Amino acid sequence: MGQINNLEKLPPQRNKIETLKILRQLSFSANALGELKGDAKTIPNQTILINAVVLQEAKESSEIENIITTQDQLYKALTTSGKQAVQVKEVINYRKAIFTGFKIIKEQGFLRVSDIETIQKTIVENNAGVRTMAGTVLKNERTGEIVYTPPQEKSEILDLLVNFLEYFNINRMDLHPLINLAVLHYQFESIHPFYDGNGRTGRILNILYLILNNFLDIPILYLSSYINQNKSDYYRLLNKVNKTGEWEEYILYILKGIEETSLKTIDKINNIKALLEVSISTARKKASKIYRKELIELIFEQPYSKIDFVVKRLNVERKAASRYLKKLEEIGLLKSEKIGREVVYINEELIDILKN
Ligand SMILES: Nc1ncnc2c1ncn2[C@@H]1O[C@H](COP(=O)(O)OP(=O)(O)OP(=O)(O)O)[C@@H](O)[C@H]1O
Ligand SMILES: [Mg+2]
């Protein structure tokens, strides 16, 4: 089965993970992330942001695994009933797994092995849990060559996971948390505790780690889009740490990803905020009779809206809800589309922002 690479327990040697280059990059990453945290708070309704970013992250992270969907398919699936394509379902599951993890971290303030299993189970929709059978290896997708063999014995996997959690839950090395995040991500992927879904579970753990360490209040940093765009480096650098024990390039990669995606998300937040303000003022002017702040917020929380949503949110009759949505379409804020037997109202300008 190829050579067994002995995975070392945490922590790594300090001088390997706290180099001058890393410390320089660290301040850029931490600043960008700090700005993102502050900026996120300026959106009056946090659900708008969480919904938008989490779905995007679910889409991107699944794409790393070649699960390709479109934004439109996803929103349709969230809004309408009926059967969904397998790929759409996987992304929707990933989204659910982020929310599940977020809830655990918020309520409990730490993770257990069983919590990681819960997150992974939500993604892959099976109960296999931590690997019990040998045979899992990591291959180069192109050549089929085995690049890394993770631990095979369940007892060893569990032992390594407990060690992983000791450093996830408490900053034992007193390292900067963003360096720790990179180390933890490598370690989790190298333990590779499951038959499938390790990449996606590990990327959710990254977001949860940021929340646990108060770098973010809500799950809105989508590193997966960066990893997607720099995918071969991602694999190459995880592999480099396996092979050589040299951490610098890999940690720099993750830190740059944090900086880059923070800045992109800040842009996105500002665009959403501007559109929200314009939409509110348009509705106030051109639809003053039906204008309500919650109605406009709703079409931002649910870029694909429907009568039911309005009924629930505003506590009005179906007839009124239908009238509201039609009015918003009339003044150009929404566009209706028939999907199966349902009519959905799409906030197209918002979708455009989210797509970019
Ligand atoms: N050499 C390596 N060492 C450690 N981890 C690796 C290595 N190569 C790849 N990985 C990790 O393994 C993940 C793939 O594992 P798996 O198929 O279980 O996860 P997934 O979530 O289904 O896939 P994906 O990450 O592609 O979406 C990669 O995303 C990466 O994080
Ligand atoms: Mg997989």
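Residues are numbered from 1 along each chain as its sequence is written, and chains are lettered from A and ligands numbered from 1 in the order in which they are written. In this predicted model, local features need pLDDT of at least 70 and side-chain atom pairs count only at pLDDT 80 or more, while totals for chains, interfaces and linings use all residues.

Colleague: Which domains does the domain assignment give?

Modeller: Domain bounds come from an automatic or database domain assignment. For the protein chain, the assignment gives domain 1 (14-262) and domain 2 (287-355).

Colleague: How many residues of domain 2 are in contact with domain 1?

Modeller: Two residues are in contact if their C-beta atoms, placed from the backbone, lie within 7 Å. The C-alpha centres of the two domains lie 34 Å apart. On the side of domain 1, 13 residues take part, and their partners in domain 2 number 14.

Colleague: Which elements give two or more residues to the side of domain 1 that touches domain 2?

Modeller: Helices (H or I, at least four residues) are DSSP runs, numbered from the N terminus. The elements asked for are α3 and α4 (71-79).

Colleague: How is α3 oriented to α13, parallel or perpendicular?

Modeller: Axes are lines fitted to C-alpha atoms over the stretch in contact, and angles run from 0 to 180 degrees between N-to-C directions. Helix α3 (residues 46-64) and helix α13 (residues 293-301) pack at about 15 degrees, with axes 8 Å apart. Angles under 35 degrees count as roughly parallel, and α3 is therefore roughly parallel to α13.

Colleague: Which residues of α13 meet α3?

Modeller: From α3, the residues involved are T47, I48 and N51. Their counterparts in α13 are E297, F300 and E301.

Definitions and conventions. Parallel < 35°, antiparallel > 145°, perpendicular 65-115°, else oblique.
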